Amino acid sequence: MESADGAPDREVVLTLDHGVLLMHDPRAAEAAFIDEIFEKARRRGIGTILWRTLAGARGLYRSRSVPTMADQSEAWEQLLAAMDPLQAAVDSARRHNVRLFAWATLQDFHIVRDWGVRNTSPFFDERPHLYWSGVDGRTRHPGIPCYAYEEARRYYLGHLAEVREYGVDGLFVCFRSHAGEPAEDDAFGYNQPWLEQLTQETGVDAPPGRIRELPWLAWRLQKIRGDSYTVLLREVREAAGSLPVWVSTSEEPDILIAGHSEKENPGRALHRSRNDLGRWCREDLVDAVVVVTSRLNPCDPSVAEVWRDTTARSGKKLYTWLNMICHFHDGDGQLAKRTPTPMELRGIVQAARHCRIDGLVLHETADLETSYRRVVVDGERRVVNEPHKDPEAQWDALAL
């Protein structure tokens, strides 16, 4: 299908993190405001919203499968006592004919920040062996489970089963994470099940440090890690039934999107897992692939094209995930991390019409309502959030 000027039609999808929206706008505690968001989206042709159900280790709704946000703040305690945000979102999605996908992060069960956030998972914290194990055999990377363990898969699948009961229209299995960065490249991912499988496949029983030094062994171990995600996705597909399943991936085949592992420079320390995206598509484990762009390419929708042939062979959709908050030049020529102006946002959206992708996933809806700006005052870095002067212009910029 093509538009009037001959350019292929593209879809714009929005993510909505209700926790972030509430942080910056108290109106988000009201079901009427949630409904207003869906109405605004539908008017701009937005047909799908990815609604975050897990923020770190906490459920953004009245969850029984995971701890909720009620013990994180008084605002959340009051909100969840008054309403169930996920149910309100499902109701609004149906009212406005918008598909609502449950956006459930895989690698985000531990968020601790110096500005007061301590969002951890009792389930995983009481079972630290389930986190990725360090090359030293002692350290663990909190927040990033090793899904070679069946109990880790069961925990995640339990969350998906619960959100399905709300009547969501699909599942988004997301690899993005707020877990801390590794200090060294490929420093984690040496859990016993993976090491045992490596020995079984290669006949080599080497310590983790030696594995990392030998490229052929390191490559095999990265593939074994990826195989665990294939097992998990088979179970997700079975649990999803007829619901579509979307999955995120990175620009490069061996980079696991965890911590802040989006590639910023060639020497950056990364987690590595060779996830078999081709198999996921061939086996119909996923219906769409969302490529998370790196900090090197924050507003470039074309980076997803590297996966176009892989997805097209199996008839799967391909999207680029773009953060709206990134570095833009200010009037004085300096770079500032901020939300785009309506003109800048329109340019990003329009650029996608000429890429070999099916659309954009724009992160996140809160940035259409509030203006983010990171500034330095008296040598101290501060974040300023305030309502946009013209939020309707921000929303209008999404229309293709």
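**Close-up views of a predicted model**

**View 1. Gln 87 in helix H4.** Gln 87 is found in helix H4, which spans residues 85-95, where helices (H or I, at least four residues) and strands (E, at least two) are DSSP runs numbered from the N terminus. The structure is a predicted model, in which local features need pLDDT of at least 70 and side-chain atom pairs count only at pLDDT 80 or more, while totals for chains, interfaces and linings use all residues. Residues are numbered from 1 along each chain as its sequence is written, and side-chain values use heavy atoms, with hydrogens and water left out. With a relative accessible area of 31%, Gln 87 is partly exposed; buried means under 20% relative accessible area, exposed over 50%, and partly exposed in between, for a 1.4 Å probe and protein chains only. Although Gln 87 and Tyr 166 are 79 residues apart along the chain, their C-alpha atoms are separated by 6.5 Å.

**View 2. Helices H7 and H9.** The axes of helix H7 (residues 192-202) and helix H9 (residues 215-240) come within 10 Å and cross at roughly 120°; axes are lines fitted to C-alpha atoms, for helices over the stretch in contact, and angles run from 0 to 180 degrees between N-to-C directions. That angle makes H7 oblique to H9, since angles under 35 degrees count as roughly parallel, over 145 as roughly antiparallel, 65 to 115 as roughly perpendicular and the rest as oblique. On the H7 side, the contact (heavy atoms within 4.5 Å) is made by Trp 194, Gln 197, Leu 198, Glu 201 and Thr 202, and the H9 residues include Trp 216, Leu 217, Arg 220 and Leu 221. The residues of this contact divide into six nonpolar, three polar and four charged, where Ala, Val, Leu, Ile, Met, Phe, Trp, Tyr, Cys and Pro count as nonpolar, Asp, Glu, Lys and Arg as charged, and the others, Gly among them, as polar.

**View 3. Helices H6 and H9.** Helix H6 (residues 150-164) packs with H9 at an angle of about 25°, their axes being 10 Å apart. H6 is therefore roughly parallel to H9, and the crossing of H6 and H9 is right-handed. From H6 the contact draws on Arg 153, Tyr 156, Leu 157, Leu 160 and Arg 164, and from H9 on Val 231, Leu 232, Glu 235, Val 236, Ala 239 and Ala 240. Sorted by type, the residues of the contact of H6 with H9 are eight nonpolar, no polar and three charged.

**View 4. Lys 40 and Glu 36 in helix H2.** Lys 40 forms a salt bridge with Glu 36, with the closest N and O atoms 3.4 Å apart; a salt bridge is a side-chain nitrogen of Lys or Arg within 4 Å of a carboxyl oxygen of Asp or Glu. Both residues lie in helix H2 (residues 31-43), four residues apart, about one turn of the helix. Lys 40 is buried, with a relative accessible area of 4%, whereas Glu 36 counts as partly exposed at 30%. Lys 40 and Glu 36 also belong to a network of salt bridges whose members include Asp 25, Arg 27, Glu 39 and Arg 43. A search of the whole structure finds 36 salt bridges.

**View 5. Two salt bridges between buried residues.** The side chains of Asp 108 and Arg 52 meet in a salt bridge of 2.6 Å, N to O. This pair links distant parts of the chain, 56 residues apart, with Asp 108 in the loop between strand E5 (99-105) and strand E6 (110-112) and Arg 52 in strand E2 (residues 48-52). Both Asp 108 and Arg 52 are buried. Arg 272 and Asp 254 meet through their side chains in a salt bridge of 2.7 Å, N to O. Arg 272 and Asp 254 both lie in the loop between strand E11 (245-249) and helix H10 (277-282), so the pair ties together parts that are 18 residues apart in sequence. Both Arg 272 and Asp 254 are buried.

**View 6. Backbone features in loops.** A cis peptide bond, with omega about 10°, joins His 363 and Glu 364. Glu 364 lies in the loop between strand E16 (359-363) and helix H13 (366-369). Asp 186, found in the loop between strand E10 (170-174) and H7, has a positive phi of about 55° although it is not a glycine, and Asp 186 counts as buried at 6% relative accessibility.

Notes:
Left-handed = near helix turned anticlockwise from the far one by under 90°.
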